[in-house]
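Notebook open, viewer open. I want to go through this one contact by contact and jot down what I find.

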Amino acid sequence: MGGGGEADQIVNGFFQLFAVVPAGALQASALENGDVQLTLNVPYAAEIGGNETKSFFFTPESDGIYIFSSQSELDTRASLNNDQDHLAYDDDDGEDFNFLIEYFLTAGVTYRLDVDLLGGRDGGSVAILCALSDKVPAT
């Protein structure tokens with residue numbers, strides 16, 4: 001991680017800033033069942049146990065290609081889903097052993113990102129970010 005408690009990285013042409021903070025200290029809305037509603041461009045620090053899956057929800061305000069990524073020293077993986085379908089999965093397309101999912105999302109539809117650790121390893125901190133890509137969807 002970079003100096004001053006921040007790690008900067010460039011992934012697929014967009015800039016991400018991950019702040020290293022205690023779990024849950026960044027802005028996001030906690031749902032009644034403990035799941036998290038992600039906020040666009042606001043990293044969320046989560047504690048994930050070795051045999052645990054955490055769910056994060058996101059509802060885009062506009063159509064576009066969105067990027068979900070993690071920053072951690074752990075081996076993370078994620079699955080993107082809507083109410084009916086499994087849409088995408090990634091294990092290591094991000095830096096080191098982090099996930100990176102790029103997917104076209106429709107405005108007003110709620111998506112669920114399920115995050116866990118590969119191989120049931122010991123738990124730890126994972127920063128999760130959702131950002132809008134500057135890529136233009138194919139027509």
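First thing I looked up: is Glu 102 buried, partly exposed or exposed? Glu 102 has a relative accessible area of 28%, so I put it down as partly exposed. My cut-offs are under 20% relative accessible area for buried, over 50% for exposed and partly exposed in between, with a 1.4 Å probe and protein chains only.

Ground rules before I go on. This is a predicted model, so local features need pLDDT of at least 70 and side-chain atom pairs count only at pLDDT 80 or more, while totals for chains, interfaces and linings use all residues. Residues are numbered from 1 along each chain as its sequence is written, and side-chain values use heavy atoms, with hydrogens and water left out.

**Entry: salt bridges**

I stayed with Glu 102 and found its side chain in a salt bridge with Lys 135, 3.2 Å from N to O. That pair links distant parts of the chain, since Lys 135 is in the segment after β12, Glu 102 is in strand β10, and 33 residues separate them. Lys 135 has a relative accessible area of 41%, so it is partly exposed as well. I count a salt bridge when a side-chain nitrogen of Lys or Arg is within 4 Å of a carboxyl oxygen of Asp or Glu.

The structure holds 4 salt bridges. Another one joins Asp 114 and Arg 112 at 2.9 Å, N to O. Here Asp 114 is buried at 16%, whereas Arg 112 is partly exposed at 29%. I also noted Glu 52 with Lys 54, where the closest N and O atoms are 4.0 Å apart. Glu 52 comes out partly exposed at 32%, and Lys 54 is partly exposed at 25%.

**Entry: overall layout**

Helices (H or I, at least four residues) and strands (E, at least two) are DSSP runs, numbered from the N terminus. Of the 139 residues, 44% count as buried. I then checked contacts, meaning heavy atoms within 4.5 Å. Among those between residues at least 6 apart in sequence, 64% join residues at least 24 apart.

**Entry: strand β7**

How many of the residues of β7 are buried? I got 8 of 8 for this strand, which covers residues 64–71. Next I looked up its partners, taking two strands as paired if DSSP finds at least two bridges between them. β7 runs antiparallel to β10 (residues 100–105), with 6 bridges joining them, and the bridge partner of Tyr 66 there is Tyr 103. With β12 (residues 124–132), β7 also pairs in the antiparallel sense over 6 bridges, and Gln 71 stands opposite Ala 127.

**Entry: rings**

I found 3 aromatic pairs. My rule is that rings of Phe, Tyr and Trp (its six-membered ring) pair if their centres lie within 6.5 Å; planes under 30 degrees apart are stacked, over 60 edge-to-face and the rest tilted. Tyr 44 and Phe 56 have ring centres 6.0 Å apart and planes at 65 degrees, so I logged the pair as edge-to-face. Tyr 44 sits in β5 (residues 44–48) and Phe 56 in β6 (residues 54–58), so the pair ties together parts 12 residues apart in sequence. Both of these residues are buried.

Phe 58 and Tyr 66 have centres 5.4 Å apart and planes at 55 degrees, so that pair is tilted. Phe 58 is buried at 5%, and Tyr 66 is buried at 2%. Ring pairs link Phe 58, Tyr 66 and Phe 68 into a cluster.

**Entry: the core**

I defined a nonpolar core as a set of buried Ala, Val, Leu, Ile, Met, Phe, Trp, Tyr and Cys residues joined through side-chain atoms within 4.5 Å. The largest one has 22 residues, and those with the most contacts inside it include Leu 38, Phe 56 and Phe 68. Which strand gives the largest share of this core? β11 does, with 4 residues. Leaving aside neighbours within four places in sequence, Leu 38 is in contact with residues including Tyr 44, Phe 56, Phe 58 and Phe 68.

Last stop was Phe 99, in the loop between β9 (86–90) and β10. Phe 99 has 0% relative accessibility, so it counts as buried. Not counting residues up to four places away in sequence, Phe 99 touches Phe 68, Leu 113, Val 115 and Ile 128, among others.
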